[in-house]
Amino acid sequence: MDMKVAENGVAAMASCYQKFDPAAYLQYNYTPPRADFERKDSIVPWKLACLHRAFTEGDVSGELLVDIGSGPTLYQVLSGCEVFNKVLLTDFLEVNRQELKRWLQAEGGSLDWTPYLQHVCKLEGRRPSEWREKAAKLRQVISDILPIDVHRPQPLAPGALPSAGADCLVSCFCLESVSPDLAAFTRALGHIQKLLRPNGHLLLIGALGESYYFGGPGVKIPVVPLNEAQVCASLQQSGFTLIRLEVYTLPEDMRVGVDDVTGVFFVKARKD
């Protein structure tokens, strides 16, 4: 593909995000029915269970966990903060970094993360009432919230990571949501692979069959519609060995009109 065409596609995606509304996005995706902790078939509890399992199997370990494209959310590091001494959050958008900073500084935010903290406490065999201790632990281990651009060969600023790289990356609904096509998605995977140490792990959650989502009222953002085979091929092309792929299919009542997603994938992979 012509490099100029690729650059134009990435620039067009960046412009789509200028009206992104963190509070609306959180309301659309991180409240019931999608975040119903009383339902086993709700999407958020499924994601939390996948992450909890991956972080507690014993092979994912080290000093530094980096969250690629955090958005305005924290759920993706609630299990990892018990395993790693340092957690680095990143996002392309300043509005998302500000949302995260408000929570980090205990200034509130657009979403109450208490039910999430309580649920993960239960997954860990702890009392839900210990959620305050978990919140304190998370605030303690988050070392920074940095800008990132996964479309650059060096997505983070020089010196942001130790020279050896991160021990683990987690990334949820980022790469397919900021890429104009499958080729750009695969290139972005290759870019973030360079942030990992050899044999480091990637925990990747993303949408299947999604062509758009709303990032705010009237803010329709295009997405690369992926299938399982494409995800696996992109991982292989980007220097990852797949350990596990799990798939969640959205029940009809989870299709609430804020996107056209049909399923969600969870990947555990290792850098070659």
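A polar contact is a pair of N or O atoms within 3.5 Å, where, within protein, one must be able to donate a hydrogen and the other to accept it, and residues adjacent in sequence count only if both atoms are side-chain atoms. This is a predicted model, in which local features need pLDDT of at least 70 and side-chain atom pairs count only at pLDDT 80 or more, while totals for chains, interfaces and linings use all residues. Residues are numbered from 1 along each chain as its sequence is written, and side-chain values use heavy atoms, with hydrogens and water left out.

Select Asp21 and Ala23 first. At the start of α2, a side-chain oxygen of Asp21 comes to within 3.1 Å of the backbone nitrogen of Ala23; helices (H or I, at least four residues) and strands (E, at least two) are DSSP runs, numbered from the N terminus. Now extend the selection to the whole of α2, residues 22–29, where Pro22, Ala24, Tyr25, Leu26 and Asn29 are buried (buried means under 20% relative accessible area, exposed over 50%, partly exposed in between, with a 1.4 Å probe and protein chains only). These buried residues pack against α3 (43–56), α4 (94–104) and β6 (212–214), with contact meaning heavy atoms within 4.5 Å.

Next, go to His151, which sits in the loop between β3 (142–147) and β4 (166–172). Its side chain reaches the backbone oxygen of Val178 at 2.7 Å, and, leaving aside neighbours within four places in sequence, the residues in contact with His151 include Val10, Pro180 and His191.

Charged pairs come next. A salt bridge is a side-chain nitrogen of Lys or Arg within 4 Å of a carboxyl oxygen of Asp or Glu, and by this rule the count comes to 21. Select Arg53 and Glu246, whose side chains meet in a salt bridge at 3.4 Å, N to O. The pair links distant parts of the chain, since Arg53 is in helix α3 and Glu246 in strand β8 (residues 240–249), 193 residues apart.

Then select Lys268 and Glu57, which form a salt bridge at 2.5 Å, N to O. Lys268 lies in strand β9 (residues 263–271) and Glu57 in the loop between α3 and β1 (64–67), so the pair ties together parts that are 211 residues apart in sequence.
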